[in-house]
Structure formats: structure tokens, C-alpha cells
Amino acid sequence: MTDSNVALKPKTVTKPKPEKPRLYKVLLLNDDYTPREFVTLVLKAVFRMSEETGRRVMMTAHKFGTAVVVVCTRDIAETKAKEAIDLAKDAGFPLMFTTEPEE
Ligand code: TYC
């Protein structure tokens with residue numbers, strides 16, 4: 001058998017890696033005007049939290065100025081934050097949510 005008949009097998013196979021979508025945090029910001037009960041209600045309605053979880057997240061923002069509500073794709077984070085802000089706006093409260101990429 002001559003050299004030209006030897007099948008060469010590549011030692012390494014590089015598969016194209018699909019990029020993982022970057023994740024975003026939805027942050028709840030404290031303010032001096034929105035009632036605690038209303039903040040909890042928004043967390044339950046928009047982010048499907050239980051009363052207990054809603055209260056805990058609300059109290060975290062109340063004490064520390066901010067709290068992470070959820071980590072998800074950018075699209076969902078922005079949609080949920082807007083939904084929550086609009087609910088508060090309609091009720092006349094300045095409650096604020098922001099989104100930011102996770103490191
Ligand atoms: N600080 C508000 C109050 O004392 C309650 C509150 C909590 C508002 C959390 C916003 O993200 C917030 N009425």
C-alpha cells in the first residue's frame with residue numbers, strides 16, 4: 001500500500017458552539033411614596049411571586065435601596081419591567097424597575 005491510500009483522520013473536531021443568550025436582572029428600586037402593600041401586589045401580579053416572596057423582595061428593596069426580582073432573557077426582563085412600571089403609573093405611584101445585564 002502506498003502512502004496515498006492511507007485515510008487521514010482528523011485528531012480534533014471543532015464543533016461550532018451556539019452562544020448562550022446573555023441574562024438580564026430585573027431590579028426593584030425603593031422610593032418614599034409607594035405603599036409596601038402595593039409593591040408586594042405588583043410583584044405577585046407581574047412576577048408571579050407568592051405573598052411571602054413578594055414581601056421579602058419588597059422589604060429587601062425597602063431596606064437596601066434595591067432588590068433583584070428575577071434573572072431572565074433581555075426580552076422578558078424588559079417586558080416585565082415595563083408591565084410593572086405601567087401598573088404603578090396607572091395607580092399614581094412612582095415605583096421603578098430597571099434591567100441590567102448579569103456579569
Ligand atoms: N419605601 C416604601 C415605603 O416606605 C415602600 C417601598 C418598598 C417602595 C420597596 C418601593 O421598591 C420599593 N412606603
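The protein has three helices and three strands, where helices (H or I, at least four residues) and strands (E, at least two) are DSSP runs numbered from the N terminus. Along the sequence these elements follow the pattern β-α-α-β-α-β. The model is predicted, so local features need pLDDT of at least 70 and side-chain atom pairs count only at pLDDT 80 or more, whereas totals for chains, interfaces and linings use all residues. Residues are numbered from 1 along each chain as its sequence is written, and side-chain values use heavy atoms, with hydrogens and water left out.

The three strands form an open sheet in the order β2-β1-β3, with antiparallel pairing; two strands pair if DSSP finds at least two bridges between them. The edge strands, each pairing on one side only, are β2 (66-73) and β3 (96-101). From one strand to the next the twist averages 25°. Seven antiparallel bridges join β1 (residues 23-29) to β2, and Tyr 24 has Cys 72 of β2 as its bridge partner. Helix α2 (residues 51-64) lies across β1 and β2 and runs at about 130° to β2. Axes are lines fitted to C-alpha atoms, for helices over the stretch in contact, and angles run from 0 to 180 degrees between N-to-C directions.

Of the 103 residues, 28% count as buried, a class defined as under 20% relative accessible area, with exposed over 50% and partly exposed in between (1.4 Å probe, protein chains only). The largest nonpolar core has 23 residues, and Leu 28, Leu 43, Phe 47, Val 69 and Phe 97 touch the most other members. Such a core is a set of buried Ala, Val, Leu, Ile, Met, Phe, Trp, Tyr and Cys residues joined through side-chain atoms within 4.5 Å. The elements giving two or more residues to this core are β1, α1 (36-47), α2, β2 and α3 (74-90), and α1 provides the largest share, six residues. Leaving aside neighbours within four places in sequence, Val 69 is in contact (heavy atoms within 4.5 Å) with Val 26, Leu 27, Leu 28, Leu 43, Phe 47, Met 49, Val 57 and Phe 97. Among contacts between residues at least 6 apart in sequence, 72% join residues at least 24 apart.

Lys 25 has its place in strand β1 and counts as buried because its relative accessibility is 16%. Not counting residues up to four places away in sequence, Lys 25 touches residues that include Val 68, Val 70, Thr 98 and Glu 100.

A backbone N or O atom of Asp 31 lies 2.7 Å from a nitrogen atom of the ligand. A polar backbone atom of Thr 34 is 2.9 Å from a ligand nitrogen atom, and a polar side-chain atom of His 62 lies 2.9 Å from a nitrogen atom of the ligand.

Two loop residues complete the description. Pro 35, in the loop between β1 and α1, is partly exposed because its relative accessibility is 29%. Pro 35 and Phe 93 are 58 residues apart in sequence and 8.5 Å apart in space, C-alpha to C-alpha. Arg 48 is found in the loop between α1 and α2 and is exposed, with a relative accessible area of 72%. Although not a glycine, Arg 48 has a positive phi of about 55°. Most residues other than glycine have a negative phi.

Technical notes
A polar contact is a pair of N or O atoms within 3.5 Å; within protein, one must be able to donate a hydrogen and the other to accept it, and residues adjacent in sequence count only if both atoms are side-chain atoms.
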